[in-house]
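Here is a short briefing for a first look. Please keep the sequence and the 3D view open as you read.

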Amino acid sequence: MTEPPEAAGAAAQPAPGGPPGAVEGAVDGAGGPPPQGGSVRAGGLVPRSVTGRATAAGVIVSLLLVVAIVLGSRFLEHFDSALLPYAVATVFLAFGVAYRYTVWVSGPGAKRLFKKGWGSLFSVDNFRRAPTALPKMIATYLGFQKFLGARSHARWAAHQLIFWGCVLASLITFPLTWGWFTFTSGTGSGPGYEMRVWGFKIIGFDSLDFLGWLMFHGLDIAAVLVIPGASYFLWRRMKDRAAITGQRFGYDLVPLIALIVISVTGLLLTFSSIFLHGGGYEFLAILHMVAVVFTLIYIPFGKFFHIVQRPAAVGMQLFKYTGRQDEEVFSCRRCEEPIDTTPYVDNLRGTMRDLSLGFDEWAEYCPRCKRVLRGSAYLSQVKKGFK
């Protein structure tokens, strides 16, 4: 939707539809000192005010989680001390997610995405006009990620395996780690067990029947789902030239390796307890714990952070959908072909102005017309200087 600022500078002319001198102002603004009182993000540095707010948000969320753990486990009565490292890691996870999210939404572009996205999610008017739109988008965009199918069916299938495997593992691991879920035997040795949530009995089951097998092997099922999905992406990043070109070890490969290590060691724990009578169990348990703790702490500062960002993107999709329902479609100013909804284009222009890009008028042109205008500017302003 946008063009590099170098193009406007090379053309040495105002952006299409802009006032005279728009380019000069943009260039001066880019090269001159920052405005007084403004926040500077040079070199990726975060302003002190943002760092303070992010730290405060992280501390508050971490404390709330600690309180929830204490209360949910009946004042630690149902808390398993063997799972203490996992619980501590989730507290660090809560701090990291809150810190990173606060820093993220402090940027102009993310701030608008946050406001428009979550505003659309909780809009009563949107629900009244399209009551089925939100559930449909949550299912297709957030749950089944149908947009990935347009890129590759294999990538979509692998992503689904990882997604649902991680969701299943999280639904089991976090409540158990916090002492919210407990499994107790009425006889002391089984096979009858009771599942309790916050100390209240939810269901009774026999550990020898199918339901009991599912209860005690849910994490194994999650591991079986994750391993092929993560292995596919790891293989692709070692073989596909397009993936190799822009990949980074710590950002792209480490998450996949961590998922595979967690899944394999988890399955080996089950294998050891069933077939090896506990042989090597302690070593595997420590290795599994280290991998899980590392991954939980890594989530807010690595590639997995997009999991936290995705709901706001769902809201933005709803924001665009409701604009189409109202027939607020914005047409290209040159060829009059539809670009996107009018509210979305206005929001994009506002984001570009917040970033002081100086060429937000380009958002009102379709990609083809922007290429044509850039070519015309090159022919008239640059190439004519060559003999």
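In helix α9, the buried residues are A158, Q160, I162, G165, I172, P175, T177 and W178. Buried means under 20% relative accessible area, exposed means over 50%, and partly exposed lies in between (1.4 Å probe, protein chains only). Helices (H or I, at least four residues) and strands (E, at least two) are DSSP runs, numbered from the N terminus. This is a predicted model, in which local features need pLDDT of at least 70 and side-chain atom pairs count only at pLDDT 80 or more, while totals for chains, interfaces and linings use all residues. Residues are numbered from 1 along each chain as its sequence is written, and side-chain values use heavy atoms, with hydrogens and water left out.

**The chain as a whole**

- The protein chain has 17 helices and five strands.
- Of its 387 residues, 36% are buried.
- Contact means heavy atoms within 4.5 Å. Among contacts with a separation of 6 or more, 61% join residues 24 or more positions apart.

**More on helix α9**

- Helix α9 covers residues 153–178. Its 26 residues should span 38 Å at 1.5 Å a residue, and the end C-alpha atoms are 37 Å apart, so the two values agree. The expected span is 1.5 Å times one less than the number of residues.
- The cover over the buried residues of α9 includes α3 (48–72), α4 (84–105), α7 (133–143), β1 (181–185), α11 and α13.
- At the start of α9, a side-chain oxygen of S152 comes to within 3.3 Å of the backbone nitrogen of A154.
- After α9 comes G179, with a positive phi near 80°.

**Helices α11 and α13**

- Two packed helices are described by the angle between their axes and the distance between the axes.
- Helix α11 (residues 218–239) packs against helix α13 (residues 249–275) at an angle of about 145°, and their axes are 9 Å apart. Axes are lines fitted to C-alpha atoms, for helices over the stretch in contact, and angles run from 0 to 180 degrees between N-to-C directions.
- On the α11 side, the contact residues include V224, I227 and L234. On the α13 side, they include L256, I260 and L267.
- The residues of this contact divide into 14 nonpolar, four polar and three charged. Ala, Val, Leu, Ile, Met, Phe, Trp, Tyr, Cys and Pro count as nonpolar, Asp, Glu, Lys and Arg as charged, and the others, Gly among them, as polar.

**Two residues and their contacts**

- T182 sits in strand β1. T182 is buried, because its relative accessible area is 12%. Leaving aside neighbours within four places in sequence, T182 is in contact with H78, E194, M195 and R196.
- K111 lies in helix α5 (residues 108–121). K111 is partly exposed, because its relative accessible area is 37%. K111 and T351 are 240 residues apart in sequence, yet 8.9 Å apart in space, C-alpha to C-alpha. Not counting residues up to four places away in sequence, K111 touches V105 and S106.

**Positive phi in loops**

- Most residues other than glycine have a negative phi.
- H277 is not a glycine, and its phi is positive, near 55°. H277 is in the loop between α13 and α14 (281–298). H277 counts as exposed, because its relative accessibility is 77%.
- E336 is not a glycine either, and its phi is positive, about 65°. E336 is in the loop between β4 (329–331) and β5 (338–341). E336 is exposed, because its relative accessible area is 62%.

Technical notes:
A polar contact is a pair of N or O atoms within 3.5 Å; within protein, one must be able to donate a hydrogen and the other to accept it, and residues adjacent in sequence count only if both atoms are side-chain atoms.
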